[in-house]
Amino acid sequence: MQPVLLKPDIYWVGAVDYNLRNFHHYSRSPQGSSYNAYLVRDEKTVLFDTVSAHACDILVEHISALVEPQKIDYIVCNHLEQDHSGALPRIVELCRPEKIFVSSLGQKSISGIFQTEGWPIEVVKDGDRLNIGRRNITFLETRMLHWPDSMVSYLEEDKVLISNDIFGQNVATSRRFVDEYDRSLLLRAMKDYYYNIVLPYSPMTLKALDRIASLGLTFDVIAPDHGLIFRTPEDIDFVLQSYREFAEQKPKLQAVIAYDTMWSATERMARAVADGLSDEGVPCVLIDMQNNHCSAVMNALADSGALILGSSTRNNMPMVNMVALMAHIKGLKPQNLVGASFGAYGWSGEAPKMMAEELRAMKVDVVGEPLKVAFAPKAGDLALARALGVEVGRALKEKIAKFQ
Ligand code: FEO
């Protein structure tokens, strides 16, 4: 690829990672991803963020197509996680910048991750402005969106927001702008990213959106550090509104049934629960944890209001995939869910009760009693599973009504 012009003298110079499927070793990126870095040419030449270490050559190639890397005066590190800073040591060595700007908590990150002796690091505070010639940059801290060090950079005259991880999506494509890409794939990627990475920080998301409104900031371009760039008024409204909806987490008329099964008994129960949900007019997604990553469950929860967990009992515990799933979900702190649990067992059957306790610990409104069935479900057991689905469906509809 070549650098891509966003506005006069403002360029995308990042790298597209078409092969990335394992995102940060805790989520998945089925559409790949990109590490977006941006270069602004003014009286001072400024590089905003870098890329993952393995993509450094691509970044250097893109920068070099515009300016000699040694001409870069400033580097702005909006956030120090290694997908944006991995190339920093090589870039600092190559460019010898006059200054490297970080947030106050970015100072801690940068010196914690790298050997920074001799680096010209300068801390900028929330609201600080930097003149680079014809342009002024305002730095706004966005702590815990999604690291303590996170900030965004606003190019005032151009109305360009370089938003780092916020508004990002894991998408790998030669297209650079949202208006060039399939809308449903984009929305799926936005939800996947938000629900697996940003979700626990939803209160901060709402605060940041309110702050943008109160400051009267307007945008011609929103340029995140992953995926596609928003540049039309419609797309900018779309991403701001979508983020508000993601953060509000209002329950939606869909249930997720995530399960693991040893000899298909728990799976048969899952299908009966799904039938009960259908009886109530509630669509559902069944996710077998033997064949799916935890992030697929979070992705489905973005369109749901119920989380139902099913597991066989093995050695007095839920199946290990379900234990991992519950840890993944619990850390992401989803809100406003109803739920239930079920599972088959051979001789003890602790899993459904343990999963119900975990759901309660996640502040999920648990419906009914944990349903456990010895060995294989018979007709009466499947009727009970179906009734559980009905009960969850009714509870979900009542919950949704409270949000209207
Ligand atoms: Fe928090 Fe894209 O790194």
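Trainee: Which residues touch the most other members of the largest nonpolar core?

Mentor: In this predicted model, Leu47 and Phe167 touch the most other members of the largest nonpolar core, which holds 86 residues. The largest share of this core, eight residues, is supplied by helix 5, residues 183-198.

Trainee: What is Phe167 in contact with, leaving aside its neighbours within four places in sequence?

Mentor: Beyond those neighbours, Phe167 is in contact with Leu161, Leu209, Ile222, Pro224, Phe230, Val239, Leu240 and Tyr243, where contact stands for heavy atoms within 4.5 Å.

Trainee: Why is helix 9 called oblique to helix 10?

Mentor: Helix 9, residues 294-301, packs against helix 10, residues 320-332, at an angle of about 45 degrees, and their axes are 9 Å apart. Roughly parallel would need an angle under 35 degrees, and roughly perpendicular one of 65 to 115, so helix 9 is oblique to helix 10. The crossing of these two helices is right-handed.

Trainee: Which residues make that contact, and how do they divide into nonpolar, polar and charged?

Mentor: Helix 9 contributes Cys294, Ser295, Val297 and Met298, while helix 10 contributes Ala324, Leu325, His328, Ile329 and Leu332. Together they divide into seven nonpolar, two polar and no charged residues.

Trainee: How do you know whether Ser295 counts as buried or exposed?

Mentor: Ser295, which is found in helix 9, has a relative accessibility of 4%; buried means under 20%, and Ser295 therefore counts as buried. Not counting residues up to four places away in sequence, Ser295 touches Ser27, Arg28, Asp192, Asn196 and His328.

Trainee: What makes helix 10 roughly parallel to helix 11?

Mentor: Helix 10 and helix 11, the latter spanning residues 351-361, pack at an angle of about 10 degrees, with their axes 10 Å apart. Angles under 35 degrees count as roughly parallel, so that description applies to helix 10 and helix 11. In their contact, Met322, Met326 and Lys330 of helix 10 meet Met355, Glu358 and Ala361 of helix 11, and the residues divide into four nonpolar, no polar and two charged.

Trainee: Where does Ser264 lie, and what is its phi?

Mentor: Ser264 lies in the loop between strand 17 and helix 8, and its phi is positive, about 75 degrees, in a residue that is not a glycine. Its relative accessibility is 35%, so Ser264 counts as partly exposed.

Trainee: Which residues does a cis peptide bond join?

Mentor: The cis peptide bond joins Leu145 and His146, with omega about 5 degrees, and His146 has its place in the loop between strand 13 and strand 14. Most peptide bonds are trans.

Trainee: Why does Asn19 count as exposed?

Mentor: Asn19, in the loop between strand 3 and strand 4, has a relative accessibility of 68%; exposed means over 50%, and therefore Asn19 counts as exposed. The C-alpha atoms of Asn19 and Met319 are separated by 30 Å, the two residues being 300 residues apart along the chain.

Definitions and conventions: Residues are numbered from 1 along each chain as its sequence is written. This is a predicted model: local features need pLDDT of at least 70, side-chain atom pairs count only at pLDDT 80 or more; totals for chains, interfaces and linings use all residues. Side-chain values use heavy atoms; hydrogens and water are left out. Axes are lines fitted to C-alpha atoms, for helices over the stretch in contact, and angles run from 0 to 180 degrees between N-to-C directions. Helices (H or I, at least four residues) and strands (E, at least two) are DSSP runs, numbered from the N terminus. Angles under 35 degrees count as roughly parallel, over 145 as roughly antiparallel, 65 to 115 as roughly perpendicular and the rest as oblique. A crossing is left-handed if the near helix is turned anticlockwise from the far one by less than a right angle, and right-handed if clockwise. Ala, Val, Leu, Ile, Met, Phe, Trp, Tyr, Cys and Pro count as nonpolar, Asp, Glu, Lys and Arg as charged, and the others, Gly among them, as polar. A nonpolar core is a set of buried Ala, Val, Leu, Ile, Met, Phe, Trp, Tyr and Cys residues joined through side-chain atoms within 4.5 Å. Buried means under 20% relative accessible area, exposed over 50%, partly exposed in between (1.4 Å probe, protein chains only).
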